[in-house]
Amino acid sequence: MNDQQKQFVLSFMAYAAQRDLPLEKLCRLSGIGLEALTPGKAFEIGPKQFNDLWLNACHLSNDPLFGLHLGESLQLAALGMVGEIIKSSTTVGQGVEHAVALTPLITDLFGMTVGHDAHTFTLRLHPNESHRAASPFAFGQMVSFFLVFAVHELDGLIFARIRPERVSMPFADAEAPELERVLRCTPTRSEDEYAISFDRKYWDMPIITANYALQESLLQKVGIAMSGRAGTDSWQNKVQQYLLKNAYLGTVSLEEMAANFNVSPRSLQRKLKDEQVTYQELADDVRKSLALHYLESGGYYVKEISYMLGYNELSAFSRAFKRWTGVTPAGYQKNFE
């Protein structure tokens, strides 16, 4: 297993822990030594182990769409070097081409190509039949992961909530509503096509966040500050961390958040109420904290920060910021010039 594949498994385990899965049991059932995941240690995982890892994660989480939700949750940093190369691209199209070329570093279950027509560009997954036969369950989960990961990472590159033009993949009737929610379009059932298409207008768009080092430093700083307000195992912390990583998507709804953790909205509300906080309070707190840190850094214009926090209009961000602080974003930023 190469370093990028190991990085993916580590990110998988981190998400499993976030979902409260017992990691020791997950590894034991999958024939994996948990200690082997320690940084610096050699780590090998065979096709059956990888297949069992996905199978047991779905079983222990009671979530047959674990791969879909993993893709919704992870950021490009989870792909290690591959993610760094994609982020350093100049345009969305260049980032997509890099992702296509580097797919074999992440998985050998399928390859990926990109094609164009007059109106769209399309990412297609091409199964490696021998490897799919060795890990059939993992194959289906990885397909879901890659398709939704493509949607959310295009969001992150240009800070816009992108809706695919078309998604083709196999799926069961019961899965259709959640696939539509996460993928943001009605999926087309196909037994032998794995593809996602986007409007061609995105291809030449510049990647907005050229200064990722500064952004990630700020995200980490805010994350550390916020995690100190509640225990790391608390629901408050889990929700805050998800909101923090996905701030550019705008306000994530309670229903979307609950679906990510495979609980009902009412159950999530009850868990937060037990910790004496509401979902809306957490959402406002995260966006306010990020806004303050971005403004204090001096590395972004107010309009950029507005987009980075998911506001479609600068005026909406200004109103929210004044409600939080009593001053406008521009007025606050002048204190740090």
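R132 and E129 lie 3 residues apart in helix α7 (residues 129–134), which means that about one helical turn separates them. Their side chains meet in a salt bridge of 2.9 Å, N to O. A salt bridge here is a side-chain nitrogen of Lys or Arg within 4 Å of a carboxyl oxygen of Asp or Glu. Helices (H or I, at least four residues) and strands (E, at least two) are DSSP runs, numbered from the N terminus.

This is a predicted model: local features need pLDDT of at least 70, side-chain atom pairs count only at pLDDT 80 or more, and totals for chains, interfaces and linings use all residues. Residues are numbered from 1 along each chain as its sequence is written, and side-chain values use heavy atoms, with hydrogens and water left out.

**Salt bridges**

The structure holds 12 salt bridges. Three of them are tabulated here.

| Pair | Distance, N to O |
|---|---|
| K48 and D52 | 2.7 Å |
| R132 and E129 | 2.9 Å |
| D155 and R184 | 2.7 Å |

Burial is scored by relative accessible area: buried is under 20%, exposed over 50%, partly exposed in between (1.4 Å probe, protein chains only). R132 counts as partly exposed at 22%. E129 is partly exposed too, at 45%.

K48 and D52 sit 4 residues apart in helix α3 (residues 47–61), separated by about one helical turn. K48 counts as exposed, at 58% relative accessibility. D52 counts as buried, at 14%. An α-helix has 3.6 residues a turn, so residues three or four places apart point the same way.

D155 and R184 meet in a salt bridge. The pair links distant parts of the chain, 29 residues apart: D155 is in helix α8, R184 in the loop between α9 (176–183) and β4. Both D155 and R184 are buried. Elsewhere, a network of salt bridges links E72, E178 and R181.

**Sheet**

An open sheet of 5 strands runs in the order β1-β2-β5-β3-β4, with mixed pairing. β1 (110–116) and β4 (188–189) stand at the edges with a single partner strand each, so one side of each has no neighbour in the sheet. Two strands pair if DSSP finds at least two bridges between them.

β1 joins strand β2 (residues 120–127) through 7 bridges, antiparallel. The two form a hairpin with 3 residues between them. V114 has L123 in β2 as its bridge partner. β2 also pairs with strand β5 (residues 195–199), antiparallel, over 5 bridges. There F121 stands opposite F198 in β5. Strand β3 (residues 166–169) and β4 run parallel, joined by 2 bridges. S168 has T188 in β4 as its bridge partner.

**Cores**

A nonpolar core is a set of buried Ala, Val, Leu, Ile, Met, Phe, Trp, Tyr and Cys residues joined through side-chain atoms within 4.5 Å. The largest has 63 residues; F12, W54, F66 and F198 have the most contacts inside it. Helix α8 (residues 136–158) gives the most to this core, with 14 residues. Apart from that core lies another, of 34 residues, among them Y300, M308, F321 and Y332.

**Helix packing**

Helix α11 (residues 235–245) packs against helix α13 (residues 265–274) at an angle of about 115°, with axes 9 Å apart. Axes are lines fitted to C-alpha atoms, for helices over the stretch in contact, and angles run from 0 to 180 degrees between N-to-C directions. W235, Q236 and V239 in α11 meet L268, K271 and L272 in α13, where contact means heavy atoms within 4.5 Å. α11 is mostly covered: 10 of its 11 residues are buried.
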